[in-house]
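Take a moment with the chain and its fold. The tour below moves from one contact to the next.

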Amino acid sequence: MDLRIRGKRALVTGASRGIGRAIALSLADFKVDVAINFFRQRGPAEEVARQIEARGARALVIKANVADERHVTRMFEEIHQQWGGLEFLISNAASGVLKPATQLTMHHLHWTMDINALALLPLVQRFLTLPSNGEKVVVAVSSLGAVRAIPNYTAVGASKAALESMVRHLACELAGKGVRVNAVSAGTVDTDALKHFPNREELLEETRRRTPAGRLLTPQDVANAVVFLCTEFASMIHGQTIVVDGGYSILA
Ligand SMILES: NC(=O)c1ccc[n+]([C@@H]2O[C@H](COP(=O)([O-])OP(=O)(O)OC[C@H]3O[C@@H](n4cnc5c(N)ncnc54)[C@H](OP(=O)(O)O)[C@@H]3O)[C@@H](O)[C@H]2O)c1
């Protein structure tokens, strides 16, 4: 399959594990060079780099906290120096405090908002300063918790709602400047992130049982939608949040 993205250059934040890793490898399958951002664990990021190179694309491993503007600036400087430009920005890295709303502190809220929602703005601003070969594409990874109430998910859900709103505003402002901005909102995926859920087993079982498509979502399912949004086949999709959940969220 030729998606006409060969030779493009992408930054995927939080690409060392889970959904970000699947996005990075999927882009590399189509010969897109990928800068792999991580923050804490270098080993898994380097393993993703090896797998990208084995697919015949270039890889760049960059440690940076997306919630720290100085780190973000440095990350884009390094990409500029190494590759000269960038076409795709995939804002996937996320963290967050999972607790009942009554136990959340302002520190928990700021921590979650900074990484999951506010980081998108400096990422996009620095992205705009880099040269590109044709259209630029931004895809942010969101979750159903932006629009649904999920136990222990108040902080993350609110951060994802803010993220999706920012996607719409950025899309509107940047569409005329050759930049397309969208989000992919995923249902439950069994990644490391789920290990922090106090009710992980229950959540997975309930999701499997209620999903019309009859199985749990995989990181690859989410990556497929992200790759599609990067292509010219999605050229008139602007400011949308595409839901990938096997039909879970359409049920009453
Ligand atoms: N799993 C789900 O059920 C699910 C559902 C819907 C949406 N999502 C969304 O999908 C995305 C990926 O989730 P996941 O489940 O794949 O997560 P994950 O397995 O926990 O991986 C998180 C990734 O983000 C990186 N990261 C965390 N904080 C960072 C920071 N401050 N700066 C830079 N990188 C950072 C981690 O690297 P280090 O460990 O090295 O820091 C890791 O590569 C997130 O946006 C999440 O909200 C997940």
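Two residues are in contact if their C-beta atoms, placed from the backbone, lie within 7 Å. Keep that cut-off in mind; the model itself is predicted.

Start with Gly145. This glycine sits in the loop between strand 5 and helix 6, the latter spanning 154–174. Set aside the neighbours within four places in sequence. Gly145 is then in contact with Ile150, Tyr153, Val156, Gly157 and Lys160. Is Gly145 buried or exposed? A residue is buried if 20 or more other C-beta atoms lie within 10 Å of its own. Gly145 has 22 C-beta neighbours inside 10 Å, so it counts as buried. Gly84 gives a sense of distance. Gly145 and Gly84 are 61 residues apart along the chain, and 37 Å separates their C-alpha atoms.

Now turn to the ligand. There are 29 residues around it, and Gly14, Gly18, Ala94, Ser143 and Ala193 come nearest. Which element gives the most? Helix 1 does, with 3 residues. By class, the shell holds 13 nonpolar, 13 polar and 3 charged residues.

Helix 1 also packs against other helices. Take helix 2 first, residues 42–54. The axes of helix 1 and helix 2 lie 9 Å apart, at an angle of about 20°. Angles under 35 degrees count as roughly parallel. Helix 1 and helix 2 are therefore roughly parallel to each other. Their crossing is right-handed. On the helix 1 side, Arg21, Ala24, Leu25 and Ala28 take part; they meet Val48, Gln51 and Ile52 of helix 2. The residues of this contact divide into 5 nonpolar, 1 polar and 1 charged.

Next comes helix 8, residues 219–230. Here the angle with helix 1 is about 50°, and the axes are 8 Å apart. Helix 1 and helix 8 are therefore oblique to each other. This crossing, too, is right-handed. Helix 1 contributes Gly18, Ile19, Arg21, Ala22, Ile23, Ser26 and Leu27. Helix 8 answers with Pro219, Gln220, Val222, Ala223, Asn224, Val226 and Val227. By class, the residues of the contact are 9 nonpolar, 4 polar and 1 charged.

Technical notes: Residues numbered from 1 in each chain as written. Predicted model: local features only at pLDDT ≥ 70, side-chain atom pairs only at ≥ 80, totals over all residues. Near = placed C-beta within 6 Å. Helix = DSSP H or I, 4+ residues; strand = E, 2+ residues; numbered from the N terminus. Nonpolar A, V, L, I, M, F, W, Y, C, P; charged D, E, K, R; others polar. Axes fitted to C-alpha atoms, helices over the stretch in contact; angles between N-to-C directions. Parallel < 35°, antiparallel > 145°, perpendicular 65-115°, else oblique. Left-handed = near helix turned anticlockwise from the far one by under 90°. Buried ≥ 20, exposed ≤ 12 C-beta atoms within 10 Å, placed from the backbone.
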